[in-house]
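Morning, everyone. I have one structure to walk you through today. Please have a look at it first.

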Amino acid sequence: MTTPPHEPPAPQPPDRVYRSSMGIAGGVLLLAIGLWLGIDALVRGNGRTPWLALAGLILVVPLVVAFTFRPAVYANDDRLRVRNPFRLVVVPWGEVAALRSGLSNEVVAKSGTKFQLWAIPVSLRSRKRAARREARSKAEAGGQAGRGGRAGRGGRAGAFGGGFGGFGGFGGGVGGGAAAGESARAESDQIMSDLNELLENREQAESAQGEVTVRWAYEVIAPALAGAVVLAILLATG
């Protein structure tokens, strides 16, 4: 009897990656300003100024990177990986108790521990703008329904309206499709909704079980701490 060949495991789909584009843009701006001022002080400064500038750069650059470029959320069928400024948290879907949206977005483990999702910040302005857009869409839909009802009761006018409605229907279809395709929710709320849907589908899966792991980002903490110590020594001995 021949043994059937072992089939390789199916490839896992790539992670969904969520980042804050505004945070990255702010990080680019802060780094550009900081490097410009720091390098200028290093080149043109006198006495202790270059050393102070160097210590300041060692302190500030890792912090800017930690709070702007580093935050990211990676989600796949098995787990949620949260990369915050100073920690990397891996939460299997089976250990997720809830995904909450309030003044901030956070994941709550079944142990009760909460982890903030730095890469998915809440924008109250976006929520208000989405609410206004939804209210305007409902008002426009109600107005179109009222006009359609009056046209249908209008005899010859109704016939003309019906004949023109073939053309108007095409235009309405295009407009309606655009309105339907445009999300009426804030971007961060839509992302949290997608993550909640993934949680509902995968929390019972065997491959989505495990333990919550937390790792400190020493590659960020160590240089920032070293820069702070050097800067404090220079200021104290000055």
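**Strands, helices and confidence**

Let's start with one pair of residues. Arg81 has Val90, in β4, as its bridge partner. Keep in mind that this is a predicted model.

Now the strands around that pair. Strand β3 covers residues 79-83, and strand β4 covers residues 87-92. The two pair in the antiparallel sense, over five bridges. Three residues sit between β3 and β4, and the two strands form a hairpin.

What else does β4 pair with? Strand β8, residues 213-216. That pairing is antiparallel too, over four bridges. Look for Arg87: Trp216 in β8 stands opposite.

On to the helices. Helix α1 runs over residues 21-44, and helix α2 over residues 49-69. They pack at an angle of about 175 degrees. Their axes are 9 Å apart.

Who meets whom? The α1 side includes Gly23, Gly27, Leu31, Gly34 and Leu35. The α2 side includes Ala53, Leu57, Val61 and Phe69. By class, this contact of α1 with α2 has 16 nonpolar residues and six polar ones.

Last, confidence. The protein chain averages a pLDDT of 80. At least 70 is the score for 69% of the residues. Where does pLDDT stay under 50? Over residues 151-182. For that stretch, the model has two contacts beyond four places in sequence.

That's my tour. Over to you.

Notes:
Residues numbered from 1 in each chain as written. Predicted model: local features only at pLDDT ≥ 70, side-chain atom pairs only at ≥ 80, totals over all residues. Heavy atoms only, no water. Pairing = 2+ DSSP bridges. Axes fitted to C-alpha atoms, helices over the stretch in contact; angles between N-to-C directions. Contact = heavy atoms within 4.5 Å. Nonpolar A, V, L, I, M, F, W, Y, C, P; charged D, E, K, R; others polar. pLDDT = per-residue confidence, 0-100.
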